[in-house]
Each structure stands twice: as structure tokens, then as C-alpha cells.
Amino acid sequence: MSDYNWCHGPECHQQQTQSRVRGSGDNKVLRTVKIKQGRYNYYDRGNNQVSMWDYFCNQSCLMDFIRLHLQSIIAIAPRSKALETPIKVVKNKYESYRYDWNGNGRAERVPYMATRTTIKSVDNDNG
Ligand SMILES: [Zn+2]
């Protein structure tokens, strides 16, 4: 594996930045950005140990690629039905306060029982 990739952004070589200019005299071009692998220390690597920033010089090039190839990308892992994650919804009462405005422009702090709703993970084996 080489230490560099060319940016895969379909319009990378059309962006007018000084960093893309190559050549001399009247033979200048805008060239696709060359990316050093691991340049961001792989902070974004998932389980597949691949960094998207090894293949795209910036988010704009990444989004251009996705827009151009979206149907092919979706075809790799199509989703024909919804996925579900088992959860428990826990409601807890707790004392809170609201503020009532009385006639003289002052707020009065009034206690009331509020409800806090929390989503908790459940063990899939028990689900
Ligand atoms: Zn690029």
C-alpha cells in the first residue's frame, strides 16, 4: 500500500486554490489533492480501521463523491426495513419549580412535580 492517495472528490481538481496549482509558465493546472495516509492520526476510524480522510481532502470533496455515487453506495448495504433497538422507558417524578408572574412584575417561584423520561438500554439477550 502506498503512503498517499489522490483525493476521490470528483471536482477536487476544479477547486481554485493555490495548493492545487502545479506546472510552470503557461502550462499550469489545478491538480487533485494528494493525501498522506493517516494525516489526522485516524481519529475517525471505525471498526473497519479505515479513515475517510485518507480518501478525501475535505468534507466538500466527500459530499461531492457521495452525491455523485449515492445510488451505488446505497446498493452496497440497502435497508428494506426498519431496525429496532430494545429499550426501557423510565419515568421519574421529581420536584421542580416554575415561575408565576404576579401583577406587580415579580416572579413567584412555585414548586410542582415534574416528570423526567429516560431511555435506558436493555440487554438484548433478555429482550
Ligand atoms: Zn479533494
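Colleague: Let me start with a detail: which residue is the bridge partner of V89 in β6?

Modeller: That's I119. A word before we go on: this is a predicted model. The bridge belongs to a pair of strands, β5 (residues 87-101) and β6 (residues 107-121), which run antiparallel to each other over 15 bridges.

Colleague: And what sits between those two strands in the hairpin?

Modeller: There are 5 residues between the strands of that hairpin, and G105 there takes a positive phi near 80°.

Colleague: How many helices and strands does the protein chain have, and in which pattern do they follow along the sequence?

Modeller: You'll find 1 helix and 6 strands. Going along the sequence, the pattern reads β-β-β-β-α-β-β. The chain has a radius of gyration of 27 Å, well over the 14 Å that the globule rule gives for 127 residues, so the chain is more spread out than a compact globule. Its C-alpha trace spans about 80 × 55 × 30 Å along the principal axes.

Colleague: What share of the residues is buried?

Modeller: Buried residues come to 15% of the 127 in the chain. As for the accessible surface, the total is about 10800 Å², and carbon and sulfur atoms hold 48% of that.

Colleague: Now the metal. How do I read a zinc site, and which residues are the protein donors here?

Modeller: The donors are the SG atoms of C7, C12, C57 and C61, which lie 2.2 to 2.3 Å from the zinc ion. Then look at the angles. For four tetrahedral donors the ideal angle at a metal is 109.5 degrees. Around this zinc ion the 4 donor atoms subtend angles of 106 to 116°, so the arrangement is tetrahedral.

Colleague: How are those donor residues spaced in sequence?

Modeller: The spacing is C-x4-C-x44-C-x3-C. C7 sits in the loop between β1 (4-6) and β2 (21-22), while C57 sits in the loop between β4 (34-36) and α1 (59-76), so this pair ties together parts that are 50 residues apart in sequence.

Colleague: Are C7 and C57 buried or exposed?

Modeller: To judge that, check the relative accessible area: under 20% counts as buried. C7 has 6%, so C7 is buried. C57 has 12% and is therefore buried as well.

Colleague: One more, D44. Where does D44 lie, and what does D44 touch?

Modeller: D44 lies in the loop between β4 and α1. Its contacts, again not counting residues up to four places away in sequence, are S51, M52 and W53. D44 is buried, at a relative accessible area of 18%. The C-alpha atoms of D44 and Q16, which are 28 residues apart along the chain, are separated by 27 Å.

Key: Residues numbered from 1 in each chain as written. Predicted model: local features only at pLDDT ≥ 70, side-chain atom pairs only at ≥ 80, totals over all residues. Heavy atoms only, no water. Donors = N, O, S within 2.8 Å, 3.2 Å for Na, K, Ca; no water. Tetrahedral: all angles 85-135°; square planar, octahedral: opposite > 155°, others 65-115°. Helix = DSSP H or I, 4+ residues; strand = E, 2+ residues; numbered from the N terminus. Buried < 20%, exposed > 50% of the residue type's maximum accessible area, 1.4 Å probe, protein only. Pairing = 2+ DSSP bridges. Rg over C-alpha atoms; globule rule 2.2 N^0.38 Å. Areas by Shrake-Rupley, 256 points an atom, 1.4 Å probe, with all protein chains shown as cover. Contact = heavy atoms within 4.5 Å.
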